[in-house]
Amino acid sequence: MNSGPLILDRADRLIRHARRHFPRSDRDERHCEWTTELSAILHDPDIRLHSRRPVRVINFAADHYRTVQSVGTESAGSLVDAFAASTLVGFLPAAIIAIIAFTGFVEVEDSAALSSGAVVAIYAAASFAVALRLAFAIFRPRCGARKSLHRISETAKS
Amino acid sequence: MRVKLTNALERVLRVFLEDPSADRYGYDLMKAAKLPSGTLYPMLARLQGEGLATSAWEPARADAGGRPPRRFYRLTGEGVRVARLELAQAALDSANSTSGRRPTTSRPVPGRAR
């Protein structure tokens, strides 16, 4: 069975994922440049052992993918900071105040106090949404990288 | 201009300097410098960004056998100058560190004949 087209397809998918991390104006050029090399590697006469060629093709694409992922993870550091700041400054204090106001730890007698409790609760909910969005942005690329690396190793085995 | 000369960059510059007028494509450089794609291409982009390398797309050829055009890289004049300078400096530093001597400067010694 000729596994060439399958390998090229897998490698192309990895390159497509990798190019998403580049600016839009640069994506097509990168994709074109890298995919040109895929079939060249697959038919490279310098790689004497034929069974090694598909592995080299996948390695070529996977290395691009790994590099852009690691750069993405570095930039995710600032997102982690934002997530921590948002949680500490916004969500936690506001949630505590809202819980105190509504559960009766402090006796609330007038409606002004209740309405300010409601404002704080809305603020807490908004902060929670921001924190959730940041958490999603932080953890999503890592999950994707793990899945793809799993796919790469499966392809290399087969 | 100075560039931070890493081991990988040193290898790439040596490959370019073997024939500075030759156009090299990515996979060719990968094989010659024995570097993975994820290291080489960002480095080429950096060299281009600093004006030390330039790239051009291969013109369409009839004998390419349907292969899409490649992107060729070569060092600019400034790139060749900087690469030679950096490699010479690295060789000097390496020689000094293996002989255990501190780098010497060409400062004139007072009282010595010229």
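Biologist: Glad to have you here! Let's start with confidence: in which helix of chain A is it lowest?

Modeller: Chain A has a mean pLDDT of 72, with 56% of its residues at 70 or more. Helix H2 (residues 24-42) of chain A has the highest confidence, at a mean of 88. The lowest, at a mean of 60, belongs to helix H4 (residues 111-157) of chain A.

Biologist: And over which residues of chain A does pLDDT stay under 50?

Modeller: The model has 16 contacts beyond four places in sequence for that stretch. Where pLDDT is low, the predicted coordinates should not be read in detail. The stretch under 50 covers residues 141-158 of chain A.

Biologist: Good to know. What pattern do the elements of chain B follow from the N terminus on?

Modeller: For contrast, take chain A, with 4 helices and 0 strands, which reads α-α-α-α along the sequence. Chain B has 4 helices and 3 strands. From the N terminus on, the order in chain B is α-β-α-α-β-β-α.

Biologist: How much of chain B is buried?

Modeller: In chain A, 33% of the 158 residues count as buried. Chain B has 114 residues, and its buried share is 35%.

Biologist: Now the interface. What is the area buried between chain A and chain B?

Modeller: The contact draws 17 residues from chain A and 19 residues from chain B. On the chain A side, Glu33(A), Thr36(A) and Glu37(A) lose the most area to chain B, together 35% of what that side buries. Carbon and sulfur atoms give 52% of the buried area between the chains. That area is about 1,500 Å².

Biologist: Which residue of chain B meets Glu33(A) in a salt bridge?

Modeller: There are 5 salt bridges between chain A and chain B. In one of them the N to O distance is 3.2 Å, and the side chain that meets Glu33(A) is that of Arg71(B).

Biologist: Why is the pair of Trp34(A) and Tyr41(B) described the way it is, and what is the term?

Modeller: This is one of 3 aromatic pairs over all chains. The ring centres of Trp34(A) and Tyr41(B) are 6.1 Å apart and the planes stand at 70 degrees. Planes over 60 degrees apart fall in one class, so this pair is edge-to-face.

Biologist: Where do those two residues lie, and are they buried or exposed?

Modeller: The pair crosses between chains, from Trp34(A) in helix H2 of chain A to Tyr41(B) in helix H3 (residues 37-49) of chain B. As for accessibility, both Trp34(A) and Tyr41(B) are buried.

Biologist: Which residues form one aromatic cluster with Trp34(A)?

Modeller: The cluster takes in residues from both chains. Alongside Trp34(A), its members are Phe60(A) and Tyr41(B).

Biologist: Moving into chain B, how far apart in sequence are the parts tied together by Tyr25(B) and Phe72(B)?

Modeller: Their ring centres are 5.9 Å apart with planes at 75 degrees, so the pair is edge-to-face. Both Tyr25(B) and Phe72(B) are buried. Tyr25(B) belongs to strand S1 (residues 24-25) of chain B and Phe72(B) to strand S3 (residues 71-75) of chain B, so the parts joined are 47 residues apart in sequence.

Biologist: Which residue lies over the face of Tyr25(B)?

Modeller: This is a charge placed 3.8 Å from the ring centre of Tyr25(B). The residue is Arg70(B).

Biologist: What does Arg30(A) touch beyond four places in sequence?

Modeller: Arg30(A) sits in helix H2 of chain A. Its relative accessible area is 9%, and buried means under 20%, so Arg30(A) is buried. Leaving out its sequence neighbours up to four places away, Arg30(A) touches Phe22(A) and Ala45(B).

Biologist: One last thing: what separates the C-alpha atoms of Leu87(B) and Arg14(B)?

Modeller: Leu87(B) is in helix H4 (residues 77-99) of chain B, and counts as buried at 9% relative accessibility. Beyond four places in sequence, Leu87(B) touches Leu5(B), Glu10(B), Leu13(B), Arg14(B) and Leu17(B). Leu87(B) and Arg14(B) are 73 residues apart along the chain, and their C-alpha atoms are separated by 8.0 Å.

Note on methods: Residues are numbered from 1 along each chain as its sequence is written. Chains are lettered from A and ligands numbered from 1 in the order in which they are written. This is a predicted model: local features need pLDDT of at least 70, side-chain atom pairs count only at pLDDT 80 or more; totals for chains, interfaces and linings use all residues. Side-chain values use heavy atoms; hydrogens and water are left out. pLDDT is the predictor's confidence in each residue, from 0 to 100. Contact means heavy atoms within 4.5 Å. Rings of Phe, Tyr and Trp (its six-membered ring) pair if their centres lie within 6.5 Å; planes under 30 degrees apart count as stacked, over 60 as edge-to-face and the rest as tilted. Buried means under 20% relative accessible area, exposed over 50%, partly exposed in between (1.4 Å probe, protein chains only). A charge sits over a ring if NZ of Lys or CZ of Arg is within 6 Å of the ring centre and within 35 degrees of the ring normal. Buried area is the accessible area (1.4 Å probe) that two parts lose on being put together, summed over both. A salt bridge is a side-chain nitrogen of Lys or Arg within 4 Å of a carboxyl oxygen of Asp or Glu.
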